[in-house]
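Please look over the structure shown below.

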Amino acid sequence: MSEDDDVPQLLDADEEQGGAGGGDAFDRPKVPMTLLTGYLGAGKSTLLDYILTADHGYRIAVCMNDFGDTTDIEAKSLTFNNPDEPNGTTDSMLTLPNGCLCCSFKDMGIQAIEDMVAVQKDKIDWVMVELTGLADPAPIARGFWANEEMGDLILDSIVCVVDTKNVLKQLAEDRPDNEPNEAEKQVACADVILLNKTDLVSPETLSEVAESVAAINPTLRVFETVKSRMPLDSLFNLKAFTSSAAAALPEGKACCADGKHDHDHAHGHRNAISTVTIPLPVLTGAQWEKLSGFLEALLWDGEERPPGLQDPLPDVLRTKGYVRLEDGSERVVQGVADMFEVTTPRGSTRDGDPEPSPKMVFIGRRVDERLGQALRSHVGF
Ligand SMILES: Nc1nc2c(ncn2[C@@H]2O[C@H](COP(=O)(O)OP(=O)(O)OP(=O)(O)O)[C@@H](O)[C@H]2O)c(=O)[nH]1
């Protein structure tokens with residue numbers, strides 16, 4: 001984290017960051033991490049329970065607030081002993097038959113997880129962190145991100161589980177000053193969403209839920225699930241924060257009825273949160289500089305106003321971008337709240353994923369066509 005909390009950092013990573021076997025600036029391999037979010041009772045623990053018993057070949061450290069329903073898993077309870085932090089925040093750890101570790105934390109602070117990984121690194125391929133039902137994932141992602149260069153973890157993706165029976169009500173809950181509520185923030189920040197408990201709803205309700213979450217965040221990969229059962233290989237190695245597919249809008253999931261995406265478009269429907277997608281041409285180096293400057297002014301809460309934007313200014317919760325430059329290079333832009341990161345990708349995320357077209361996607365409050373106009377006019381296209 002920046003020493004001065006008022007001055008957020010631009011995190012600049014020239015190389016694609018790790019993943020299993022990857023390296024950071026100090027060429028240190030990183031352990032990928034998934035943040036698991038979702039409203040109270042949505043099915044997060046059910047997903048973790050499934051992961052902890054499934055045969056997936058990964059040694060996953062699952063970090064949760066308490067062991068909850070998973071205490072029936074046959075495992076030996078160990079007292080976690082960190083020589084560097086004897087009074088640390090980790091309560092205990094279970095080693096499971098499929099090689100997974102299950103860690104219980106009182107304090108889900110990123111430092112506690114980093115400490116656990118530092119000690120257990122050779123025993124872990126992946127870290128899954130369950131956030132509490134009312135948590136806003138953005139500060140956790142930011143806290144982790146700010147520490148990324150020094151730590152052993154690399155954020156792979158944010159996964160959100162929603163209860164299809166109750167989520168429409170949860171998304172509609174009012175907050176003072178039209179602030180987004182917790183459920184909206186969780187959907188806005190995520191890369192993957194499980195529309196869970198489909199056994200409890202009609203096909204019509206399921207379509208309505210799918211439309212509502214796409215209206216908040218059209219970049220989501222969507223899985224319809226019962227008991228959070230999803231193909232687990234779709235949960236790993238998404239590299240949502242570092243690959244060229246980061247800003248891909250899954251075809252057919254975007255909410256434009258006409259299916260055309262060659263225009264700026266904003267969607268908000270009935271939510272406090274809306275999205276704007278701005279297609280980008282291939283940029284010159286000078287245009288890329290201008291785009292970076294625009295993002296700094298837009299996302300950082302400083303003196304500088306975003307050029308060409310009048311009050312009320314957008315409040316951006318999540319930014320995703322894929323940029324192609326005239327010299328043939330590419331950039332991936334990923335932002336959570338006021339912090340953003342630029343990486344140079346090496347190839348797309350996963351086999352079979354379409355190459356994304358260059359674009360910027362902004363998700364947040366007061367995000368609308370004005371943002372597209374101001375960005376295009378400043379960058380000059
Ligand atoms: N009918 C039905 N019940 C489900 C499904 N998935 C989970 N449940 C049940 O829903 C309840 C809540 O699931 P959890 O996995 O504990 O939810 P959670 O998101 O971890 O809840 P919190 O920890 O309170 O935030 C449990 O009783 C689950 O068995 C599903 O697909 N269908």
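By class, the shell around the ligand is made up of eight polar, five nonpolar and four charged residues. This shell belongs to a predicted model. It counts 17 residues, of which Gly-43, Lys-44, Ser-45, Thr-46 and Gly-133 come nearest to the ligand. Helix α1, residues 44-53, gives the most to the shell, with three residues.

**Confidence**

The model scores ipTM 0.98 and pTM 0.76. The mean pLDDT of the chain is 76, and 71% of its residues reach 70 or more. Over residues 1-27 the pLDDT is below 50, and this stretch has 51 contacts in the model beyond near neighbours in sequence. Residues 67-91 also have pLDDT under 50. For residues 67-91 the model has 46 contacts beyond four places in sequence. Where pLDDT is low, the predicted coordinates should not be read in detail.

**The nonpolar core**

The largest nonpolar core has 95 residues. Val-62, Val-127, Met-128, Ala-141, Val-162 and Ile-193 have the most contacts inside this core. Strand β8, residues 153-163, gives the most to the core, with eight residues. At least three residues of the core come from domain 1 (17-241), and at least three from domain 2 (253-379).

Which residues does Met-128 touch, leaving aside its neighbours within four places in sequence? Met-128 is in contact with Thr-34, Leu-36, Leu-48, Ile-51, Ile-60, Val-62 and Cys-63. One of these partners, Val-62, is also listed among the core residues with the most contacts.

**Helix α5**

Helix α5 spans residues 182-189 and is mostly covered, with eight of its eight residues buried. The buried residues of α5 include the charged Glu-182, Glu-184 and Lys-185. Ala-183, Gln-186, Val-187, Ala-188 and Cys-189 of α5 are buried as well.

Glu-184 and Ala-272 are 88 residues apart along the chain, and their C-alpha atoms are separated by 8.2 Å.

Technical notes: Residues numbered from 1 in each chain as written. Predicted model: local features only at pLDDT ≥ 70, side-chain atom pairs only at ≥ 80, totals over all residues. Near = placed C-beta within 6 Å. Helix = DSSP H or I, 4+ residues; strand = E, 2+ residues; numbered from the N terminus. pLDDT = per-residue confidence, 0-100. Contact = placed C-beta atoms within 7 Å. Core = buried A, V, L, I, M, F, W, Y, C linked by C-beta atoms within 7 Å. Buried ≥ 20, exposed ≤ 12 C-beta atoms within 10 Å, placed from the backbone. Domains from an automatic or database assignment.
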